[in-house]
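Let's take a friendly walk through the model shown below.

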Amino acid sequence: AWKPGPQEISPAPPPWEPPALPAEPLTLGGSHSMLDLFREEVRANALRLRAAFADGGCVDDAAESLRLVRGAALLVKLPAVEAVAAVMADAAAAGVTPEVREWLRFAVDAVAGCVGTDDETFPEWLAATTPTLGAAVEGLRAAPASGGRQPPDTFAPPTTPPSHQGADAPRSPEPTDAPAATEAEATPPPPDPVVRVSAGSLNRLMGLAGESLVQARWLPPFAAALLALKRKHDALAATLAAATASAADGRVAALLADAHTQLAACRDEFAARASSFDDHAARAEDLNGRLYREVIVSRMRPFGDGVHGLPRLVRDMARTLGKQARLVVDGETTDVDRDVLERLEAPLSHLVRNAVDHGLEATAERVRAGKPEVGTVRVEARHRAGVLVVSVADDGGGIDPARLARKVVDRGLSSPDLVARMTEAELLEFLFLPGFTTAGGVSEYSGRGVGLDVVQDVARKIGGSVRVTTKLGGGTTFLLQVPITLSVIRAVVVDIAGEPYAFPHTRIDRLIRVPRADVRSVEHRQFVTVDGQAVGLVLAAQVLGLGGPPPAGPDLLVVLLADAVGRYGLVIDGFRGEQDLVVRPLDPRLGKVPNLSAAAVLDDGSPVLLVDVEDLIRSTDPLVQAGTLRRAEAPRAGPGRRKRVLVVDDSITVREVERQLLRNKGYDVTVAVDGMDGWNQVRAAPFDLVVTDVDMPRMTGLQLVAAVRGLPALRDLPVVIVSYKERDDDRLRGLEAGANAYLTKSSFHDNSFVRAVEDLIGPAES
C-alpha cells in the first residue's frame, strides 16, 4: 500500500467529498456479523464526530466517540482504522488549529466510507482506503508544525474507493468550468477559538457568577433606601419652611435662611448622586445577569447528548425479547446542565429498559388488543416553570393495580386490609422500594428488583422528584422533575423560630394562609381542608427541633409540601419572598444534617439554610400521625421519668402495633417511618431503646444499627430488631451488626417482644 514520505505531507488534506451517512441506525438481521456491528458503530459515532469537528463545534465532545471507534477497530482487527483513531484523539487533545481541524474532518470522512459497504465489498474498501488513512495519520502529525503553509504541489491524492460503493464512497470532485469564486466568497469565516477549561475551574466560575448575580441584586434595595432618605430631606425642608414663616426674630430668620440654602445644596447633590447610582445599579444588574447567563450556557448541553445510546438499547432489547419497539425522543435540543444530564443517564436507561421489558406487550398480544404491531417508547424533555421535566412513556399494557396489590401482600410489605384501602398512587409508590419487582422471574433485563429505587434516589439527590401514572391497557408514564442547573436554585425564604430557612421552589406545592377558625381536630390531630383534601398540620419549629411558642395571630402561615402519596402543612412564622440562591454544600464533617441539605447567602448577605424537603416529609409523617401543633404525648406527672422508645418501621401497621404494645406498658413511644428518619431522630433526642425493622427504604435496619454503634454517644444504646425474616443466617447478621436482640414479628402474639424490651431497659417508670 502507498504511504507518503515526509516531503509529500501537506498541512491540509486534499479535496474530498464527505460520504453521506444515514440518520437512522442500520438494519441488522438476526445473523448479523461483527463487521455489521462495526459499520453501525462507525455510523453513529461519525455523525457525532462531524458535529464536534465542524466550525464552531466542541472538539472535547469527540473523545468518547473516538474511544468507541478505536475499540471497535481493535475488536475486528483493523489496525489502520485503530491507528488513525488514536492519532485523532491525540491531536484533538493537544489543541486544534484550523489545519488540524481540516485533517480531522478528512479522517472522519475516510473512515465513514465503510458504512456504504457490506461484508463482500468491505475488503475492497479497506484496501483502497488504507493509503488514505495513512495519509491522514501523517497529516495529523505534521499539521501542528506546518506553520499554516499551503499544501505542496507534490501531494498525491488518495486512491478513490471502488465505484460500486456509490454515493456513500468518498471521491475527488469533478473538474468544473464554473468561474472562480471571489476571495471573500472562497474564504470561510474563521471558527470561534476553543479553549480547554477544567471542570473544576468552570464550576468555580459558575459559583462566582452566581454570587455576582446575587450581590448585584443588593443594589436596587439600596437605591430604594436612598429614595426614602430623599423623602425625609423633603420633610425636613417643609419643617424648615414652616419654622421660617413663624419666626419673628430677625437673627433666627437669617439662620433659617442659611439652613434653607444648605438644604437646597444637599438636595441637589443627593439627587445627582442618586441618579448616578440608579444608572450604575441598572448597568451592574444587567451586566451580572448577562455574565450569569453566559456561564450557564457554557455548562449547558442539549438533552440529546444524554440519550444517544437509548435507540440501540431499545433495538437490542426488542430483538432479544421478540418484540417490536421504536424509540421517539422529543426535545433533543432542550438545554440541560451537564452535571444534571450526566446524572440522568442511568435513570433514563432504567426507565427505558423497564418500558420495553415490562411495559410493551408481545406483537401478537398487541395485535389482539387492536394496537400497532410496533410499540412506542417516548422520551420527552422540556422546561416548565423553571425546572426540567423529563417523561418516559410507553403505549403498552400499563400496570395492573390488582396484581401490584397481590405482590405487596405476598412480600409481606403490608396487610391485605390495609392494601385494600390504599389509593392507586399509594400502591404505585411500592414500585420504588429497593428489591421490589413485578416480574414473574429473573431474566437478563428484569426480576432483580434493581432500577426504580435508583431512579428515585438520583432524582432526590439532585433536588427533584419522580412520579408514575398508569392506565390499564393504555401504557405507563414516569415523570421526572429536576432542576435545570444545580448551582443556583429558585427558593422560597420563610422565617421559622426567628431564623430564615429556604425551601426549593420545585418542591413546594403551595403557600397558604389558614384562618385559625378553619383548623379542626380529629382524634387529637389537627387538619385543614385544602381543595377538598384533609391536610395534617405540624409546626415547622417542632420538626426542625427548634424552640419557641406556636405562631401568634389570627391566621396560620402554611407551606404545603407534597409527595407521591399525600400533602403536609408546615406552619411557619412568616414569608420573606422568593430569591435565587447560590447553593453551597454543608461541611462534610457534619455528616447528614437532619432535614437540611445545603446553605446559601441571601441578598442582604445573611446566611440561610436550605431545607431537605424529602427528609422533612419523612420527619413530618410521625408527627401528623401522633398529633401536630402540640407534642403527641406529654410526660406523665409523677416523681419518676418514663423511658423513651424509638420505633422504626416503614410499615404503618407494624409501627402502630409496636407503639400500642409499648404504650400499654407505660413507655413514651416515638415512631420513625424508615431507617433515615430513625437515624435523624436518634441523634436529635435521647432514647432508652430503639426497635427497628430490617428492610426499609433509604437506610436499612442493619445500616441503622451499624450507624448507632459507630457513634460514641450512642454506642451503648440498646437496639432490638423485629423482622419477618426467621432464618438463622438473618438472625446472625442482625446480631453481628450490633443488635441486642433479634425477634420475629410473630413475637407480638406471645409477649416475647414486650418481655425483651423489659429485659433490656426495665419497666417504663425509672
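This is a predicted model: local features need pLDDT of at least 70, side-chain atom pairs count only at pLDDT 80 or more; totals for chains, interfaces and linings use all residues.

Residues are numbered from 1 along each chain as its sequence is written, and side-chain values use heavy atoms, with hydrogens and water left out.

**Overview**

The protein chain holds 23 helices and 24 strands, taken as DSSP runs numbered from the N terminus (helices H or I, at least four residues; strands E, at least two). Of its 766 residues, 45% are buried, where buried means under 20% relative accessible area, exposed over 50% and partly exposed in between, with a 1.4 Å probe and protein chains only. Taking contacts (heavy atoms within 4.5 Å) between residues at least 6 apart in sequence, 69% join residues at least 24 apart.

| Helix pair | Axis distance and angle |
|---|---|
| H10 (residues 310–321) and H11 (residues 338–359) | 10 Å, about 30 degrees |

H10 and H11 are therefore roughly parallel to each other, and H10 passes H11 in a right-handed crossing. A crossing is left-handed if the near helix is turned anticlockwise from the far one by less than a right angle, and right-handed if clockwise. On the H10 side, the contact is made by Leu-310, Leu-313, Val-314, Met-317, Ala-318 and Leu-321, and H11 supplies Ser-349, Val-352, Arg-353, Val-356 and Asp-357. By class, this H10 and H11 contact has 8 nonpolar, 1 polar and 2 charged residues. Here Ala, Val, Leu, Ile, Met, Phe, Trp, Tyr, Cys and Pro count as nonpolar, Asp, Glu, Lys and Arg as charged, and the others, Gly among them, as polar.

Turning to H3 and H5, their crossing is left-handed. Residues making the contact include Val-84, Val-87 and Met-88 of H3 and Leu-133, Val-137 and Leu-140 of H5. The residues of the H3 and H5 contact divide into 11 nonpolar, 1 polar and 1 charged.

**Aromatic rings**

Rings of Phe, Tyr and Trp (its six-membered ring) pair if their centres lie within 6.5 Å; planes under 30 degrees apart count as stacked, over 60 as edge-to-face and the rest as tilted. By this rule the count comes to 4 aromatic pairs. One of them is edge-to-face: Trp-103 and Phe-106, at 5.3 Å centre to centre with 85 degrees between the planes. These two residues are 3 apart in helix H4 (residues 98–112), about one helical turn, and both Trp-103 and Phe-106 are buried.

The rings of Phe-122 and Trp-125 have centres 5.3 Å apart and planes at 45 degrees, so that pair is tilted.

**A loop residue**

Where does Glu-373 lie? Glu-373 is in the loop between helix H12 (363–368) and strand E4 (375–384). Its relative accessibility of 44% makes Glu-373 partly exposed. Leaving aside residues up to four places away in sequence, Glu-373 touches Gln-324, Thr-363, Arg-366 and Val-367.

Key: Axes are lines fitted to C-alpha atoms, for helices over the stretch in contact, and angles run from 0 to 180 degrees between N-to-C directions. Angles under 35 degrees count as roughly parallel, over 145 as roughly antiparallel, 65 to 115 as roughly perpendicular and the rest as oblique.
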